[in-house]
Amino acid sequence: MSRARYRSCKASGFKEKDCAGAAALDRDVKAFLADCRKADAVGRGRKPCVTGAAAVAKTYLDCRLAGRTDRQCESPAVREACVYRGAGLICRDAVPVYADCRSPDAGGVVTKRSICVEGNIEYEYCRYAWGVTVSGDVCVPATAVYQTCRRRAPVDECEARRDEYARTHHQ
């Protein structure tokens with residue numbers, strides 16, 4: 001679908017003929033932003049999916065209009081939110097953390113998107129606290145601990161588990 005067609009459909013309230021695809025895409029953008037805002041609610045500091053919603057939505061929409069799937073467009077939009085939050089180069093390192101979270105685990109379970117976006121924020125916090133050493137980035141597995149924990153536990157408990165993992169494995 002072209003950007004012009006999407007805009008035309010959106011301007012008509014998706015009532016024009018053949019706007020079903022544009023309406024579905026608009027719902028996807030809104031659903032992504034809703035999940036991103038859920039993650040922002042637990043993060044400290046800037047709320048890019050609220051204050052920077054237009055930039056995050058544009059990144060996601062541009063990706064989708066380029067023919068990529070919902071899942072393929074999540075990472076660039078999450079990275080945009082990360083950059084907007086001010087994490088700079090850490091955002092590049094956080095992309096695979098998000099992608100791993102959204103991949104099915106050994107039991108076939110896929111973590112909810114909002115929890116994976118939270119994980120991206122938690123990765124940033126971990127990196128600020130622990131950095132990267134010659135032994136590697138302890139925040140990658142520490143964030144995985146957080147994300148797995150969040151499937152069933154509150155944020156505070158999972159942040160404590162992330163911190164404990166980083167503390168005991170940092171070298």
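Cys82 is buried, and Cys91 is buried as well. In this predicted model, the two cysteines are joined by a disulfide whose sulfur atoms lie 2.1 Å apart. The link of Cys82 and Cys91 is left-handed, with -90° about the S-S bond.

**Disulfide of Cys9 and Cys19**

- A disulfide is formed by Cys9 and Cys19, with 2.1 Å between their sulfur atoms.
- This pair links distant parts of the chain, 10 residues apart: Cys9 belongs to helix α1 (residues 3-11), while Cys19 sits in the loop between α1 and α2 (20-42).
- The link of Cys9 and Cys19 is left-handed, at -80° about the S-S bond.
- Both Cys9 and Cys19 are buried.

**Disulfide of Cys36 and Cys49**

- Cys36 and Cys49 are joined by a disulfide, with an S to S distance of 1.6 Å.
- Here too the pair links distant parts of the chain, with Cys36 in helix α2 and Cys49 in helix α3 (residues 48-51), 13 residues apart.
- Cys36 counts as buried because its relative accessibility is 0%, where the limit for a buried residue is under 20%.
- Cys49 is likewise buried, because its relative accessible area is 0%.

**Packing of α6 against α7**

- Helix α6 (residues 90-102) packs with helix α7 (residues 113-130) at an angle of about 145°, and the two axes are 9 Å apart.
- The crossing in which α6 passes α7 is right-handed.
- On the α6 side, the contact is made by Ile90, Asp93, Ala94, Val97, Tyr98, Cys101 and Arg102.
- By class, the residues of the contact of α6 with α7 comprise 9 nonpolar, 1 polar and 5 charged.

- Asp35 counts as buried because its relative accessibility is 16%, and buried means under 20%.
- Leaving aside residues up to four places away in sequence, Asp35 touches Arg113 and Ser114.

- Arg162 is located in helix α9 (residues 155-169).
- Arg162 is buried because its relative accessible area is 5%.
- Not counting residues up to four places away in sequence, Arg162 touches Glu122, Tyr125, Cys126, Ala142, Thr143, Val145 and Tyr146.
- Glu122, one of the residues that Arg162 touches, is 40 residues from Arg162 in sequence, and their C-alpha atoms are 8.5 Å apart in space.
- A polar contact of 2.6 Å connects the side chain of Arg162 with the side chain of Asp163.

Key: Residues are numbered from 1 along each chain as its sequence is written. This is a predicted model: local features need pLDDT of at least 70, side-chain atom pairs count only at pLDDT 80 or more; totals for chains, interfaces and linings use all residues. Side-chain values use heavy atoms; hydrogens and water are left out. Axes are lines fitted to C-alpha atoms, for helices over the stretch in contact, and angles run from 0 to 180 degrees between N-to-C directions. Helices (H or I, at least four residues) and strands (E, at least two) are DSSP runs, numbered from the N terminus. A crossing is left-handed if the near helix is turned anticlockwise from the far one by less than a right angle, and right-handed if clockwise. Contact means heavy atoms within 4.5 Å. Ala, Val, Leu, Ile, Met, Phe, Trp, Tyr, Cys and Pro count as nonpolar, Asp, Glu, Lys and Arg as charged, and the others, Gly among them, as polar. A disulfide is a pair of cysteine sulfur atoms within 2.5 Å. Buried means under 20% relative accessible area, exposed over 50%, partly exposed in between (1.4 Å probe, protein chains only). A polar contact is a pair of N or O atoms within 3.5 Å; within protein, one must be able to donate a hydrogen and the other to accept it, and residues adjacent in sequence count only if both atoms are side-chain atoms.
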